[in-house]
Amino acid sequence: MPNKPRPYEKYKHFKGNMYQVLAIAEDSEDGVEKVVDQALYGDYKIYVRDLEVFTSKVDLTKYPDATQEFRFQLWDVKEEEDNLISFLQGNDNKEMKKSFL
């Protein structure tokens, strides 16, 4: 299981969209921890998801083309910059190209 997300961290969903964690909340009824996050695209909707779901692994049976191990991956700006530079230079890495297209 990845580290517990923290407010203001940005995450990439395995389908490619970006989200920012706003808070970690606790359900007053059952004590289940929730992640409150905001989409960084479209209408910038705010979502509430169980922490367990947020940090779960991608179901590779359902999504065999997924390139991430976990549903949400902490965004590494340096890695993204390196990948973009390599992509723009014509690198033929198929997996990397899928993340930009």
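**Figure 1. Glu33 and its salt bridge to Lys4 in the predicted model.** Glu33 counts as partly exposed, with a relative accessibility of 28%; buried stands for under 20% relative accessible area, exposed for over 50%, and partly exposed for what lies in between (1.4 Å probe, protein chains only). The side chain of Glu33 meets that of Lys4 in a salt bridge, at 2.5 Å from N to O. A salt bridge is defined as a side-chain nitrogen of Lys or Arg within 4 Å of a carboxyl oxygen of Asp or Glu. This pair links distant parts of the chain, 29 residues apart: Glu33 belongs to strand 3 (residues 33–39), and Lys4 to the segment before strand 1 (10–13). Lys4 is likewise partly exposed, its relative accessible area being 41%. Helices (H or I, at least four residues) and strands (E, at least two) are DSSP runs, numbered from the N terminus. This is a predicted model, in which local features need pLDDT of at least 70 and side-chain atom pairs count only at pLDDT 80 or more, while totals for chains, interfaces and linings use all residues. Residues are numbered from 1 along each chain as its sequence is written, and side-chain values use heavy atoms, with hydrogens and water left out.

**Figure 2. Two further salt bridges, Glu9 with Arg6 and Glu69 with Lys57.** The search of the whole structure finds five salt bridges. In the pair of Glu9 and Arg6, the closest N and O atoms are 3.5 Å apart. Glu9 is buried, at 16% relative accessibility, whereas Arg6 is exposed, at 54%. The side chains of Glu69 and Lys57 meet at 3.1 Å, N to O. Glu69 and Lys57 are 12 residues apart, both in the loop between helix 1 (51–54) and strand 5 (72–74). Glu69 is partly exposed, with a relative accessible area of 48%; Lys57 counts as exposed, at 52%. Side chains of opposite charge can pair when their charged atoms come close.

**Figure 3. Strand 1 and its antiparallel partners, strand 2 and strand 5.** The chain has three helices and five strands, in the order β-β-β-β-α-β-α-α along the sequence. Strands count as paired if DSSP finds at least two bridges between them. Strand 1 is joined to strand 2 (residues 18–26) by three bridges, and the two run antiparallel. Lys12 has Met18 of strand 2 as its bridge partner. Four residues lie between the strands of this hairpin, where Gly16 takes a positive phi near 115°. Strand 1 also pairs with strand 5, in the antiparallel sense and over three bridges. Here the bridge partner of His13 is Phe72, in strand 5.

Figure 4. Gln20 counts as buried, at 18% relative accessibility. With neighbours within four places in sequence left aside, Gln20 is in contact (heavy atoms within 4.5 Å) with Tyr8, Glu9, Lys10, Val36, Asp37, Gln38 and Leu40. Glu9 in this list also forms the salt bridge with Arg6.

**Figure 5. The largest nonpolar core, with eight residues.** A nonpolar core is a set of buried Ala, Val, Leu, Ile, Met, Phe, Trp, Tyr and Cys residues joined through side-chain atoms within 4.5 Å. The members are Tyr11, Tyr19, Val21, Val35, Ala39, Leu51, Phe54 and Phe72. Strand 2, strand 3 and helix 1 are the elements that give two or more residues to this core. Not counting residues up to four places away in sequence, Phe54 touches Pro5, Tyr11, Val21, Val35, Asp37, Arg49, Arg71 and Phe72. Over the chain of 101 residues, 25% count as buried.

**Figure 6. Arg49 in strand 4 and Leu51 in helix 1.** Arg49, in strand 4 (residues 46–50), counts as buried at 18% relative accessibility. Beyond residues up to four places away in sequence, Arg49 touches Tyr19, Glu33, Lys34, Val35, Asp37, Phe54 and Phe72. Leu51 counts as buried at 8% relative accessibility. Its contacts, with neighbours within four places in sequence left aside, are Lys4, Pro5, Glu33, Lys34 and Val35. Leu51 and Pro5 are 46 residues apart in sequence, and their C-alpha atoms are 8.5 Å apart in space. The contact list of Leu51 includes Glu33 and Lys4, the two residues whose side chains meet in the salt bridge of Figure 1.
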